[in-house]
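The following note is meant for a colleague who is opening this structure for the first time. Please read the points with the sequence and the model side by side.

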Amino acid sequence: MTRYRNLGLFMVLAAIWGSAFMAIKAGLEFFPPVLFAALRYDVAGVIMLVYAVYATDSPLPRSRADWTEVTIGAVFLIAAYHALLFVGETDPAVTSAAAAVIVSLSPVLTTGFARVLLPSERLTPLGVVGLLLGLVGVAVLSELDPSNLLAGGTVAKLLIFGAAAAFAFGSVLTRRIDSDMPIETMEAWSMLGGALLMHAISLGMRESFADVVLNTESILALAYLSLAASAIGFLIYFDLLERLGPIEINLVSYVAPIFAALAGWAFLDEVPTLATGGGFALIFLGFVLLKRGAIRRELRHRFGSGATPTD
């Protein structure tokens, strides 16, 4: 019964996070991009803080390490990631599925950054191949052409690649911090801090609340991103992270693009291209090569016994 519950929650999370790319795309018709992202986390941050007060004994960061972790989360995991993602998705050439596929590179980049920045990690020759395959996947997806670099969504897709890199880099930096702060508290304050940073960026870009169009569609997009994709999505993520561990939960990144493609097709009439499929295949293969040892250990732990392979 527990296995079916975990599978059900996993698919719900993949569906929520995948369809969020469609909600971003739909909402960007009514909001300036960075302001849209900031408003999303104004709401989500307050909800997460209320949950942290309810679920933990430490709803406030206390030590220098706690505030350092919150700052990293606010700058990289929330502000940089979402500002670049939302700006990238403003390009009509970037479909919901394409954005989701590029973001699915985050686990690959996280492993690459970890092997450089964390002393306990190392990158084998096959791991290097996996990392390079992921990067080639983004190049295929972006349809890089030096003679046509500013057209066809290439720059926008590279901005989304920058978003994935910022998220991966921030994830690794938080692992270097010796903090005992509950993850709910870290997420809540990172969301609020990231929202504040994005409001500052929005002002610097001369975005204005006067450009916001409030109607049923825009309110639904903002509500879905704030409540479902952020608040509910992260609560499911925390639960599954404890139950499944980081290897299995990482696979959400590779199921989400399927739901992004379905949602984009159903609501926005988007049709995934061959480059989207090819890029996804290369990125997923890169992930498998990078995490092959951990995947083997997880499979042996769940389905059999024997010697434990190493990376």
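**Notes on the predicted model**

1. H3 passes H8 in a right-handed crossing, a crossing being right-handed if the near helix is turned clockwise from the far one by less than a right angle, and left-handed if anticlockwise. The contact is made on the H3 side by Glu69, Val70, Gly73, Ala74, Val75, Leu77, Ile78, Ala79, His82 and Ala83, and on the H8 side by Met186, Trp189, Ser190, Met191, Gly193, Gly194, Ala195, Leu197 and Met198; contact means heavy atoms within 4.5 Å. By class, 13 of these residues are nonpolar, five polar and one charged. Here Ala, Val, Leu, Ile, Met, Phe, Trp, Tyr, Cys and Pro count as nonpolar, Asp, Glu, Lys and Arg as charged, and the others, Gly among them, as polar.

2. The axes of H3 and H8 lie 7 Å apart, and the two helices pack at an angle of about 55 degrees. Axes are lines fitted to C-alpha atoms, for helices over the stretch in contact, with angles from 0 to 180 degrees between N-to-C directions. H3 and H8 are therefore oblique to each other; angles under 35 degrees count as roughly parallel, over 145 as roughly antiparallel, 65 to 115 as roughly perpendicular and the rest as oblique.

3. On the basis of the note: this is a predicted model, in which local features need pLDDT of at least 70 and side-chain atom pairs count only at pLDDT 80 or more, while totals for chains, interfaces and linings use all residues. Residues are numbered from 1 along each chain as its sequence is written, and side-chain values use heavy atoms, with hydrogens and water left out.

4. The protein has 13 helices and zero strands. Helices (H or I, at least four residues) and strands (E, at least two) are DSSP runs, numbered from the N terminus. Of the contacts with a separation of 6 or more, 87% join residues 24 or more positions apart. Buried residues make up 50% of the 311 residues, where buried means under 20% relative accessible area, exposed over 50% and partly exposed in between (1.4 Å probe, protein chains only).

5. How many residues of H4 are buried? Eight of its eight residues are, and H4 is thus described as mostly covered. H4 (residues 96-103) packs with H11 (residues 252-268) at an angle of about 165 degrees, the axes being 7 Å apart. That makes H4 roughly antiparallel to H11. Ser96, Ala97, Ala100 and Val101 of H4 meet Pro257, Ala260, Ala261, Gly264 and Leu268 of H11, a contact of seven nonpolar, two polar and no charged residues.

6. Arg206, in the loop between H8 (183-204) and H9 (216-244), has a positive phi near 60 degrees and counts as exposed at 75% relative accessibility. Asp269, in the loop between H11 and H12 (274-290), has a positive phi of about 60 degrees and is exposed, with a relative accessible area of 68%.

7. Ser58 lies in the loop between H2 (33-55) and H3 (64-88). Its C-alpha atom is separated by 9.4 Å from that of Glu184, 126 residues apart along the chain. Not counting residues up to four places away in sequence, Ser58 touches Pro182 and Thr185.
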